[in-house]
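Welcome, and please open the structure in your viewer. We will go from stop to stop, selecting a few residues at a time and looking at what surrounds them.

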Amino acid sequence: MPTTKAQKAVMLEEVKEKMSSAQVTILADFRGVPVAKITDLRARMRKAGSEMKVAKNTIAGIAAKEIGIEGLDPYLEGPTVFAFGIEDPVSPAKILSDFAKEIKQGVEIKAGILEGKVIDANGVKALADLPSREVLLAKVLGGMQAPMYGFAGVLAANLRNLVYVVDQVRQQKEAQA
């Protein structure tokens, strides 16, 4: 269905706003994937605070250039779905990667935009392999707590050694008496 210039302008502004506000934008090809599966994928994305959108490649290319992203043109071939990671840069990459493994065919991750830089499919896969935000926070917290536990253990060991020495002195005094 043909689109008017006004509709294209609205679409361009929407794509520019999404690309500039998202922490990560992932480009993927979904040829031959049933609509029900894509609907399920959209629901997973929404649940993770991400969003999916289909946009014309020319409009996406113009939007990318207008917000200062270079090098996206080679990936704008054929049907392209854009996944925008609004809250977390890792979750849309994980969701798309898991979805591609489930479907096994018809899904191809083309590239991504992370912090204004274009990354290839391998970069997106590496991003998907990162632990989630919660796991990273737990590791940081564990790293912060470890020295405190060690310090408490050292203090307890000194007190324990003092008690052993006092007990040994007591035993010696009893043995002499």
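Keep in mind on this tour that you are looking at a predicted model.

**Stop 1: Lys 16**

Start by selecting Lys 16, which sits in helix α1, residues 5-21. Is Lys 16 buried or exposed? Its relative accessibility is 18%, and because buried means under 20%, Lys 16 counts as buried. Now show what lies around Lys 16: leaving out residues up to four places away in sequence, it touches Ala 63, Glu 66 and Ile 67.

**Stop 2: where α1 meets α3**

If you look along the pair, α1 passes α3 in a right-handed crossing. To see the contact itself, select Lys 8, Met 11, Leu 12, Val 15, Lys 16 and Met 19 on the α1 side, then Ile 59, Ala 60, Ile 62, Ala 63, Ala 64 and Glu 66 on the α3 side. Colour these residues by class and you will find nine nonpolar, three charged and no polar residues.

**Stop 3: Ile 59**

Stay with α3 and pick out Ile 59, which lies in this helix. Ile 59 has a relative accessible area of 7%, so it is buried. Beyond residues up to four places away in sequence, Ile 59 touches Lys 8, Met 11 and Leu 12.

**Stop 4: the nonpolar cores**

In soluble globular proteins, nonpolar side chains tend to be buried together.

Which residues touch the most other members of the largest nonpolar core? Select Ile 26, Phe 30, Leu 41 and Leu 96, out of 23 residues in that core. At least two residues of this core come from each of β1 (24-29), α2 (35-47), β3 (81-85), α4 (91-103) and α5 (121-128). Helix α4 gives the most, with five residues. Zoom in on Leu 41: apart from neighbours within four places in sequence, Leu 41 is in contact with Phe 30, Met 52, Ile 95, Leu 96 and Phe 99. There is also a second, separate core of 16 residues, and Leu 12, Ala 60, Ile 69 and Phe 84 are among them.

**Stop 5: where α4 meets α5**

Now show α4 and α5 together. Their axes come within 8 Å and cross at roughly 105 degrees, which makes α4 roughly perpendicular to α5. For the contact, select Ala 93, Lys 94 and Ser 97 of α4 along with Val 124, Leu 127 and Ala 128 of α5. By class, these residues divide into four nonpolar, one polar and one charged.

**Stop 6: Glu 115**

For the last stop, select Glu 115, in the loop between β4 (108-114) and β5 (117-120). With a relative accessible area of 72%, Glu 115 is exposed. What is the phi of Glu 115? It is near 50 degrees, a positive value in a residue other than glycine. Most residues other than glycine have a negative phi.

Definitions and conventions: Residues numbered from 1 in each chain as written. Predicted model: local features only at pLDDT ≥ 70, side-chain atom pairs only at ≥ 80, totals over all residues. Heavy atoms only, no water. Helix = DSSP H or I, 4+ residues; strand = E, 2+ residues; numbered from the N terminus. Buried < 20%, exposed > 50% of the residue type's maximum accessible area, 1.4 Å probe, protein only. Contact = heavy atoms within 4.5 Å. Left-handed = near helix turned anticlockwise from the far one by under 90°. Nonpolar A, V, L, I, M, F, W, Y, C, P; charged D, E, K, R; others polar. Core = buried A, V, L, I, M, F, W, Y, C linked by side-chain atoms within 4.5 Å. Axes fitted to C-alpha atoms, helices over the stretch in contact; angles between N-to-C directions. Parallel < 35°, antiparallel > 145°, perpendicular 65-115°, else oblique.
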